[in-house]
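Student: Could we work through this model together, going from the whole chain to single residues? I would like each term to come with its cut-offs.

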Amino acid sequence: MNDNHKGILQELCQKRKEVSPVYTKPTIITDIGGNFYYTEVTVNFKGQRFTGEGKARSKKDAEKTAALNALQSIFTIHPSERAIMESGSGLDSRNSSSSSSSSSSSSSSSSSSSSGSLSGTSHDAMMNDIFINNGGVTTQTSNCNSPQATGATGGSSPSTSSNANNATNGTAAAAVINPNIQQSSNIGSAYNHRRGQDQTEVVRLQLQLEQSIKTFTERYNHLEKKYNDLKEYVNRKHLETRDYIDRKLKRKPKKQERSPVLQSNTMEDLNICAVVVTTPATAVEQPVLITTAEQPSSNNSITLSEANTTNTITVSESSSSSLSSLSLSSSSSSSSPKQHPPRSVIATIELDKELIPSQLTFFRYRTVFSHGFKSEDFSHLDQKYNFSGFLLYSANRLPKPVIHISNGAGEHFAISMVEYDRESMTRDEFARIVTFHHCFYTQILQQKHMNFRSPQDLYFVPFVKCLSNPTQKLHQTLMDLLTHDDLINGIPSFSSDKEFHAYFDEKYLNRVVLSPRPDFTICRAVDHTRLFGYNDPSVMSVRDKSGNPIELTSGKYPSIMCTHSSAIANKDYWSLRTLVYYDANDQPEDPAKWNTDEFAAMEPTQWESYIRKAKLTAKDPLVLRVFGITSTMHAVAKVAILPYIPEIHWTLKMENFKRQYININNQRLLREVFTHPSINRNNTVPPRSLKVFKDYQLFKSDNQRLEYFGDSILKFCITYYLYFLYPNAPEGFLTTKRSEVTSNTYLQNICDQTSIDDILRLGLSNTEDYKKPKADVIEALFAAVYLECGINVVYEFIINLLFKIENVVFPTYKCEHTNETPLSESQKSVLFNMNINIKDTCLFQEAMNCSSDPKMNYQRLEFLGDSYIDLVVSEFLYHNFPREQEGFLSQTRALLVRNEKLANTANHLRIRQSIDPSVVPTTKRMGDLFESFTGCLLLDGGLQDTKSFLIKHLPLTTNHVNEMIESHYASNRPIPLTSQEPIPDSNQDITLPLKLLEQYEENNNNNDNKLSSSSSNSSSNNKLITTTTILTTNIEEEMIIDS
């Protein structure tokens, strides 16, 4: 782009004394053809705002295009401005100078004047293009060989115009141009003019289209957000208004009010012959409880009949004189009155024949309870049954965990299981097991996550025997329990009200029933004193599955008082409700001891006492469907089976983890590793009476103590590995590498890769809070491996897990120093006093080397010794303070390994006599030297000897630690950290390291007499020796005070 539209726009604003145009910062956009720069210009002209957009390959061309579009807008509104700009007044001199300067390198003074003449022509043509040709850029390359032409244009000729004014202004240039070349130039100029015009128009239209799309999209998003906000506001106000009305009327909203028209998909899925309730939007079912005295004078007996082929309910009335003469009879078109018509049953679930074989074999496990289990006899559809617990069907052998359940009153029971037998069944028989399991857990208990179909899943079903048919298999018995009973088949005539009451009690009491809504409930009582009734039966239309209406009558049947049957749907909830006991050997409870006389004397478990009491709701028995599932089955499943299933899954995952990674036999320790502190907030209180469990301890631990210990183990193992991996690396490099590997982010990734987080027992609801627990469980696992297997095994496990290196062996140090300097007499004396024999004296020389050379000084050994001191102190505190939590242990460790403490120990051992006398023994330096000496002992003498040395000289005893803690807290000083690195992964508020005090400055104030005796003319070396002597004396005094 050769036209200076940006300059013209700037000149126009200056001429009219307007503010200069403002250009946005060019941005890169991707379009067809590659990347372009896009910018916008804004200009205020004569009280109006004009904008222009530009897109080009370069930033400068994009700004020129934006200025061109802005000029077009200005000239469209103000045509007179174009005429003024076309006259070129005030612009010729500028353009002339510009053109002259651009060609000054190859032109003379005569050619400069020619350039000035051509400049006017180019300017007028440009102005014409702006207004007439929509900003098309016209360029022409001149092939003229004339020196004058070449000097005038610098090898190129601007486009010429047929305008008379342009011809007059360009006479000097036209005189030297060949007519043939002039004609060819005009043709090329016209072609370039049209080409530039088309390209500019395409770019302009593209920008307009993109801007329009952007505007409409923003408008749409704004309107959509506004609509959603308004909709949410209306719904919220609607609910608030309803709640306000309910509070004023002192009633709770009915289900009919919340859902006026109900036709259940669940009923169709279950294929149950159930009624369909249709309620008008303004109608509300208001059941009325009618006492016997308030019963209408004309007692009507009801006769219900059901056809063989359909489940159509018909209602007829006949006169009767007393309540006891109520009779319901069943009629059939093709059978005798004594035969019952076929009943509706839940359809058997169809299984995938390609995935499930035709013949299957399962292990069967029977549940056992600490307080025993009292079997229950009941009848359903004229059949007698016995319920004696639950059976578990599993395709694989399972572990048999033991858990305890406790309620708020302190009552408790324990549950486990024993292997019962093995059973083979066909695919169809397995489908019946799946069908009952699906209905019982996903529909009745509302555990949607238990929608199982695979033989690899676990299936807990009631262990029910049909006493009327002892040879009947369990899967068929379970399907019989899903066959519902109702009043369709009629009831016999009763001679007394007592028989009438007994009939309804036997049919409904403590049974799972299905209402027309539909929802599963449990009948807790049958109220014979109040008969169920409706204020206005016509407001609710009840029909059977065939669509035939059922007449709703009042004052005929007793009220069925029901509670909901659902349980908490969150599967993680059940994994947090358990209590676990371990013996003195950290092994779980043995269920075989439950057969003793002491357990037999205990009262049987009252299952209903573990379920929170719920409000009773009156139901009409006419529209209820009764199943063969008793309230005891429901209660046992809710309070025992649902918490036990997650424990089985967790134990399976734990067994798989032990096979895949490492075997830890200590069951209590293993559970502690994977138990986060958040789970304790959901655990119930332990039982009040534990006489029979006197040999067991309740598990109440979490992994925070192990995490504290594992942090030190991880630090030492990584330090030891990096020390040998990089034998020539300086301490700063090794510290950076260790920080990367031991960071929470790195450990969290390891946890995700190994799926360890699946075993972690958490009570957190926010997944964002899982990051820190994932890192903690890895460190706790390292501590458990160390306690179970020792340092060599945990070293191999850590390096393999973190670096994916197989066949790792704990390394042994081999001296690689080329020159071994003999020990000085003072160094030999120090080692002799400590009763230590150093095999590789070069290690001791390196440990005491305080030079600035990172490859020769003590810093690498200090890096190694610091981690081992941290490990030894952590292990001592972990074992000797078993009741203290992670916060106390971390703060006490910081107190024991701080620089002041290590420096005192170093001076007590006279380590300063082994270093160069010219080195100033500051507290930091002496603490580092003790750590480097520990690293020297570690490589030369081994782990155990170094550990004994640290326990002796720190010293690590319970009395010393207690006295030190009391003394430290009495001084009201914060506990300092021991190094520049913060204690990793600590949840406690530990203060930052104290600023190290300069011992020399303190002694300037405390030892004026000693310093005054020094000669003012002493050399700098003598001053240094004097300072070192005073500082050493002060450190000795501090050591004596601390000890």
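Predicted model: local features only at pLDDT ≥ 70, side-chain atom pairs only at ≥ 80, totals over all residues.

Student: Which phi does Ser 755 have, and where is Ser 755 found?

Tutor: Helices (H or I, at least four residues) and strands (E, at least two) are DSSP runs, numbered from the N terminus. On that numbering, Ser 755 sits in the loop between helix 21 (744-754) and helix 22 (771-789). Although Ser 755 is not a glycine, its phi is positive, at about 60 degrees.

Student: How many residues of helix 22 are buried?

Tutor: The 19 residues of helix 22 should span 27 Å at 1.5 Å a residue, and its end C-alpha atoms are 28 Å apart, which agrees; the expected span is 1.5 Å times one less than the number of residues. Just after helix 22, Gly 790 takes a positive phi of about 100 degrees. Helix 22 itself is mostly covered, and its buried residues number 14 of 19.

Student: What percentage of the residues of the protein chain count as buried?

Tutor: The protein chain holds 34 helices and 23 strands. Among its contacts (heavy atoms within 4.5 Å) between residues at least 6 apart in sequence, 76% join residues at least 24 apart. Of the 1043 residues of the chain, the part that counts as buried is 47%.

Student: Why do the buried residues of helix 14 line one face of the helix, and which strands are included in what covers them?

Tutor: The buried residues of helix 14 (residues 497-508) are Phe 500, Tyr 503, Phe 504, Lys 507 and Tyr 508. Seen down the axis of helix 14, they fall within an arc of 100 degrees, so they line one face, the arc being that of the directions from the helix axis to the C-beta atoms. An α-helix has 3.6 residues a turn, so residues three or four places apart point the same way. The cover of these residues in helix 14 includes strand 15 (511-514), strand 16 (520-534), strand 19 (558-564) and strand 22 (625-630).

Student: At roughly how many degrees do the axes of helix 12 and helix 13 cross?

Tutor: Axes are lines fitted to C-alpha atoms, for helices over the stretch in contact, and angles run from 0 to 180 degrees between N-to-C directions. The axes of helix 12 (residues 427-444) and helix 13 (residues 474-481) come within 9 Å, and their crossing angle is roughly 40 degrees.

Student: Is helix 12 then parallel, antiparallel, perpendicular or oblique to helix 13?

Tutor: Angles under 35 degrees count as roughly parallel, over 145 as roughly antiparallel, 65 to 115 as roughly perpendicular and the rest as oblique. The residues that meet include Ile 433 and Phe 436 in helix 12, and Leu 478 and Met 479 in helix 13. By the angle of roughly 40 degrees, helix 12 is to helix 13 oblique.

Student: Which residues of helix 27 make the contact with helix 26?

Tutor: The axes of helix 26 (residues 859-880) and helix 27 (residues 886-896) come within 10 Å and cross at roughly 135 degrees, which makes helix 26 oblique to helix 27. From helix 26 the contact takes Asp 870, Val 873, Ser 874 and Leu 877, and from helix 27 it takes Leu 889, Thr 892, Arg 893 and Leu 896.

Student: Is Ile 965 buried or exposed, and which residues does Ile 965 touch?

Tutor: Ile 965 belongs to helix 31 (residues 958-970), and at 11% relative accessibility it counts as buried. The C-alpha atoms of Ile 965 and Leu 896, 69 residues apart along the chain, are separated by 9.4 Å. Not counting residues up to four places away in sequence, Ile 965 touches Phe 888, Thr 892 and Leu 895.

Notes
Residues numbered from 1 in each chain as written. Heavy atoms only, no water. Buried < 20%, exposed > 50% of the residue type's maximum accessible area, 1.4 Å probe, protein only.
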